[in-house]
Amino acid sequence: NRKIILLSRPEGMPTEQNFEFREAPVPDLQEGQVLVRSIYLSVDPYMRGRMSESKSYIEPYRLGEAIVGGVVGEVVQSQSSLFNVGDKVIGILGWQIYNVVEAAALRKVDDTIAPLSAYLSVLGLTGLTAYFGLLDIGRPLEGETVVVSGAAGAVGMIVGQIAKIKGAYVVGIAGSDEKTQFLEKELHFDATLNYKTVDNLSQALEQVCPNGVDVYFDNVGGSISDAVMNLLNNHARIALCGAISSYNSTDGDIGPRIQTKLIKTRSLIKGFVLGDYADRSSEGIQELGKWLAEGKLKYEETIIEGFDQVPHAFLQLFKGANLGKMLVKVNEP
Ligand code: NDP
């Protein structure tokens with residue numbers, strides 16, 4: 001078996017040297033366990049937080065142990081009545097080719113309903129994060145202006161499309177022209193901005209948000225968020241989902257720096273983690289699945305091939321190399 005362990009805790013931007021590939025025998029199965037062969041591994045920005053020692057809503061990764069995250073795989077041996085050999089499953093498993101897992105920690109997925117990768121993207125963590133963060137905190141009404149940062153990423157592109165389904169005017173901020181074109185042409189965002197090339201983000205935002213901002217779904221934090229929040233309307237809602245611009249910063253969290261704006265506009269600003277909605281996940285999966293089936297929702301994935309590429313794929317998230325969900329395919333289904 002092969003696994004990828006956290007060798008050292010990154011300071012600032014992580015590098016491939018923070019990880020190490022190791023060989024280890026696959027342990028024998030105990031009663032109630034199954035052996036899962038990985039097919040798709042998810043790499044996610046939140047994993048950067050777990051690589052640091054600091055306290056969070058989720059425990060830090062331990063040095064010398066395999067990184068864990070979302071994995072879709074196939075049961076290749078079973079000592080459990082819950083799963084048969086050949087079943088496709090999802091779970092929070094190690095960055096390993098094979099995982100020995102307690103069957104109760106897995107959920108079956110059906111590749112006749114959706115491609116296996118979708119259970120790690122639109123029908124998984126990122127799709128659900130978009131769904132609950134936007135609809136529970138943002139609560140966009142028809143005709144309102146919704147701005148989403150990190151708009152061409154896994155969470156962001158689903159947020160924008162759900163906001164369109166709800167009848168909002170949707171503005172996406174992303175880091176390349178290829179991404180902004182995709183959002184406008186393929187996903188019908190009303191307007192987009194490339195934060196890397198625009199001269200003056202605040203002015204450009206003002207132009208594309210003539211009626212101000214009612215909902216801001218924040219994936220990035222920092223100066224992009226300052227510019228958006230400066231345009232808040234009265235009773236605006238801000239869903240704080242992520243702050244990727246600060247994850248590798250050694251200065252800690254930055255912002256928001258516009259408290260008086262929040263007060264004057266009586267805006268609601270609320271951080272959340274998907275785990276808050278664990279008891280409603282079937283509702284989210286059902287709604288997202290319905291929109292997919294109706295053709296109202298599209299999703300995109302950037303799939304890198306090969307177990308050797310997992311650390312690289314993770315690092316690429318911080319360079320914006322992905323359109324939609326970044327995944328690594330480590331075996332054929
Ligand atoms: P994405 O698919 O959005 O990938 C990350 C993207 O972030 C990159 O493609 C890049 O796009 C952008 N980015 C990278 N560095 C910066 C930077 N310095 N400034 C601005 N943008 C940057 O990842 P996810 O959709 O999985 O996650 C999006 C956010 O949501 C993250 O902050 C993540 O931590 C958070 N999250 C929160 C959850 C929760 O429960 N609260 C659950 C899941 C995710 P670009 O080219 O546009 O720069």
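**Note on the predicted model**

1. The protein chain has 333 residues, for which a compact globule would have a radius of gyration near 20 Å; the chain has 20 Å, so the two agree. The model is a predicted one. Along the principal axes, the C-alpha atoms occupy a box of roughly 60 × 45 × 35 Å.

2. Ten helices and 15 strands make up the secondary structure of the protein chain. Of its 333 residues, 44% count as buried. Where contacts join residues at least 6 apart in sequence, 65% of them link residues at least 24 apart.

3. The domain assignment divides the protein chain into domain 1 (2-121 + 300-329) and domain 2 (125-275). To their contact, domain 1 gives 16 residues and domain 2 gives 17 residues. On the side of domain 1 that touches domain 2, five residues are nonpolar, seven polar and four charged. A distance of 29 Å separates the C-alpha centres of domain 1 and domain 2.

4. The ligand is surrounded by 30 residues, and the closest are Gly153, Ala154, Gly175, Gly242 and Gly320. By class, this shell comprises 16 nonpolar, twelve polar and two charged residues. At least two shell residues come from each of α2 (125-138), α3 (154-165) and α7 (244-247).

Key
Residues numbered from 1 in each chain as written. Predicted model: local features only at pLDDT ≥ 70, side-chain atom pairs only at ≥ 80, totals over all residues. Helix = DSSP H or I, 4+ residues; strand = E, 2+ residues; numbered from the N terminus. Rg over C-alpha atoms; globule rule 2.2 N^0.38 Å. Buried ≥ 20, exposed ≤ 12 C-beta atoms within 10 Å, placed from the backbone. Contact = placed C-beta atoms within 7 Å. Domains from an automatic or database assignment. Nonpolar A, V, L, I, M, F, W, Y, C, P; charged D, E, K, R; others polar. Near = placed C-beta within 6 Å.
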